Amino acid sequence: MAIARQVLCLSALLSLPHARSQPLRYSVAEEAPSGSLVADVAEDAGLAPAQLSARRARLASEDGRQRLRLDRATGRLVVAERLDREELCAQAPACTLPLELLLADPLQFFRIEVAVRDVNDHSPRFPDEQITLRIPETSNPGSRFPVVGAVDLDIGSNSVQSYSISPENEYFNVFFGSRIKDKKYVELVLEKPLDREEQAEMSFSLIAVDGGSPPRTGSTEIHIVVLDVNDNAPIFTQELYVGQVLETAPEGSVVLRVMATDPDVGTNGDISYQFSQGMAQGSSAFAIDPMSGEIKLTKSLDFEAAQQHELSVRATDGGGLSAICKVLVEVLDVNDNAPELVVSSLNSPLPENALPGTVAALFSVRDRDAGENGKITCALEEQLSFSLRPAYKNYYELVTVTTLDREETARYILTVTAADTGSPPLTTTQTFTVDISDVNDNAPVFNQTSYIMYVRENNVPTMLVGTVHASDVDIGPNAKVTYSLAPPLTTEQPPCSCISVNSENGHVFVLRPLDYEQLKQFEVLVIASDAGSPPLSANVTVHVVVVDENDNAPLVLHPAQDSSPASSELVPMSAEAGYLVTKVVAVDADSGQNSWLSYHLLKASDPGLFVVGAQSGEVRLRRSVTERDNVKQKLIILVRDNGRPPLSATAALSALLLNDFSDVHIPHGSPDIVDDSDFLTTYLIISLVFVSLLFLASMAAFITCQVCKRKELKDGHVLYGASNFPSSLADAASVGTLPHPYCYEINLTTGSGNSEFKFLKPILPSLPPQHCALGGDTDGEQDFPQGPLTAEDVLPENTGMLSGEDFNSLSFN
């Protein structure tokens, strides 16, 4: 045994590279106790014991019964349950248990064949405890009388090897041998003639001995009855009858007919037929007609249970002589068994990033029918992602052929059909459910390409202004999205500290109050990351727009309200209705309708004399000036924005009604002029005369200057500015309340009695104040662009309104 074991192990080791074609062969004695060692499979297969557990090694058998067990810890193959060779293989000369050693990760197979060695555990047994032979006394020495032999379930040398008679007698001897190939007979041989008168009956034991060690025996009693006269025994026409019957043949079907003849006449020639009990396994399925010798079925047969039945038929004549023949009934297979599909392993769920060729399931097929009825073909229902691949022998693998996508298909229902080649063919269908597990292969996706959120200025801290939302088509942790703010793209850009995003729900908060006048809008980058490994992310731009609130009151630029004493505007007594006295200039740092300004006359010394343009802020005469009007007029202008609620500011200004502009030197801080004061009237008359003379001199100088300038224009020179007044008049203009960057151009038309003031923008923030004087620049050089300045050059559409943006664009010296 040790040599045989070494040969088997060496054969297994040499065949490892071809493990699928050369099995590992071992042997074990039947009746071995549970736990008995059969072989060291791990060593013979070239595997370390640790690999067996790591690769989930297991044994698989065709019938699914685990008679042998694999010890993963040691790699040894041991007996799992009592083995009975006779139960497993009946009388087959060889009894082999086919096994498969299956290993996963990666998939690997080893075929194992374990031969079950016969042990002499059964004694020979005769079918009858007593056999009665009726032998004519006329039988000659050498006559042979067949006897039903003993049955030993063991095989080979452990089966029946010899027969003996006890006690020995002088009349009979036993013969054990074969006259037909592979068929042995037991016969009693007559050694000397019988004499019924001397001894009519005799008895002895027939002992059967097997070849076991120690040998086992069985016995039956032979009773000999010596008959008179009948000297011819029946003779069968054949020593062996062979019949065939379909396994689906109905009960009562005739299988075959045996026939024996006897030359005797009378009762000695009458033959009857009967089975020798216990001669064949499954003989209960047959019955024989004692008169005709017809053998019929008493129940249906099963080819898969037994492919043939061996019967023994005895023919006995009326004189007691008999003969025995053998009957072999072959069962013909019918395609009555559908293929069987046994799943060995199912790899579910499969990760969606599994490579093509990954094994999803391993199964085997078998058909208990034989021949064409047992040939099987397997087919997979039309499926683009999986296919069937033969593994070895009758095993098939269900493998992937394309890449998988759980988001497209999360579960596959695979149907495998196994069909035999019988007529008609039988089929079996097996359904495999393969789930696909998620892999983090999809980044979060925002529901918008960008977000615009609005927040009013002066908001409360930690104010919710909006929500960003991203979804991930993965599942589980791979679909859990968290939100965060991206760091600045450049190191020079400071991080935004005024906004925050909730990592769980994407709520966007403004952390501190915002000022529209300082920050009108800004944008941040929000990142959505999943919880996969490695995590995937996406980003989106969030534009935060600050909405203006009416939190800035109008600011009056002109007239300046911080001058003390307040300056006065000069209005000639000859001015008619519509005369422009001055223009109130105000701005509002807010935007939109919050910066739309309107002007209203809040209070005046004479409310009926002045009117204020609601949109332009221009202060004009409502009517012509009369002698009854006070020389000094005080006005308060209300500047109000269009916000809700509106904010306002006031502008205080004064106007002097003069007959002659020479009166401009009157101190602004003098007490109020009273119309009925003779003393003041006298001085006014003198002042008007002086101013009138000065005016006439100025007009003459102006005309002279204009003539000179026209000559210069003809010579290719351009005159800039417009100044027709003497320096004293220019000094008088400085008593107005406009700051130096804002200039007035006074045009007096002879005989019209109407003066017009035009408000101008600042020319350049860096120009000195004298550049805004009425007479132009002091050095006589041309410092301005060509052409005279008009109101259209300094105010858009001459509306008199400046928005917050216009105000921010202004600069003052």
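Leu-693 is found in helix α5, which covers residues 678–714 (helices are DSSP runs of H or I with at least four residues, strands are runs of E with at least two, and both are numbered from the N terminus). The model is predicted, so local features need pLDDT of at least 70 and side-chain atom pairs count only at pLDDT 80 or more, whereas totals for chains, interfaces and linings use all residues. Residues are numbered from 1 along each chain as its sequence is written, and side-chain values use heavy atoms, with hydrogens and water left out.

With a relative accessible area of 54%, Leu-693 is exposed (buried means under 20%, exposed over 50% and partly exposed in between, with a 1.4 Å probe and protein chains only). Together with Ile-685, Val-689 and Leu-696, Leu-693 makes a nonpolar surface patch of about 400 Å².

## Aromatic pairs

A search of the whole structure finds 12 aromatic pairs (ring centres of Phe, Tyr or the six-membered ring of Trp within 6.5 Å, with planes under 30 degrees apart counted as stacked, over 60 as edge-to-face and the rest as tilted). One of them joins Phe-109 and Tyr-395 in a tilted arrangement, 6.3 Å centre to centre and with 45° between the planes. Because Phe-109 lies in strand β7 (residues 108–117) and Tyr-395 in strand β29 (residues 395–400), this pair ties together parts that are 286 residues apart in sequence. Phe-109 is buried at a relative accessible area of 2%, and Tyr-395 is buried at 4%.

Phe-236 and Tyr-273 form another tilted pair, with 6.3 Å centre to centre and 50° between the planes. Since Phe-236 belongs to strand β15 (residues 235–236) and Tyr-273 to strand β19 (residues 272–275), the pair ties together parts 37 residues apart in sequence; both residues are buried.

## Charges over rings

The charged end of Arg-144 sits over the ring of Phe-175, 4.5 Å from its centre (the criterion is NZ of Lys or CZ of Arg within 6 Å of the ring centre and within 35 degrees of the ring normal). The charged end of Lys-520 likewise sits over the ring of Tyr-516, at 5.0 Å from its centre.

## Cysteines

Cys-89 and Cys-95 form a disulfide with their sulfur atoms 2.0 Å apart (a disulfide is a pair of cysteine sulfur atoms within 2.5 Å), and the link is right-handed, with 65° about the S-S bond. Cys-89 counts as buried at 18% relative accessibility, as does Cys-95 at 4%.

For Cys-705, the closest cysteine sulfur is that of Cys-708, at 6.5 Å, which is too far for a bond; Cys-705 is partly exposed, with a relative accessible area of 26%.

Notes: Patches are made of residues with over 30% relative accessible area and no salt bridge: like charges are joined within 9 Å, nonpolar side chains (Val, Leu, Ile, Met, Phe, Trp, Tyr) within 5 Å. Accessible areas come from the Shrake-Rupley method with a 1.4 Å probe; for residues, only the protein chains shown count as cover. A salt bridge is a side-chain nitrogen of Lys or Arg within 4 Å of a carboxyl oxygen of Asp or Glu.
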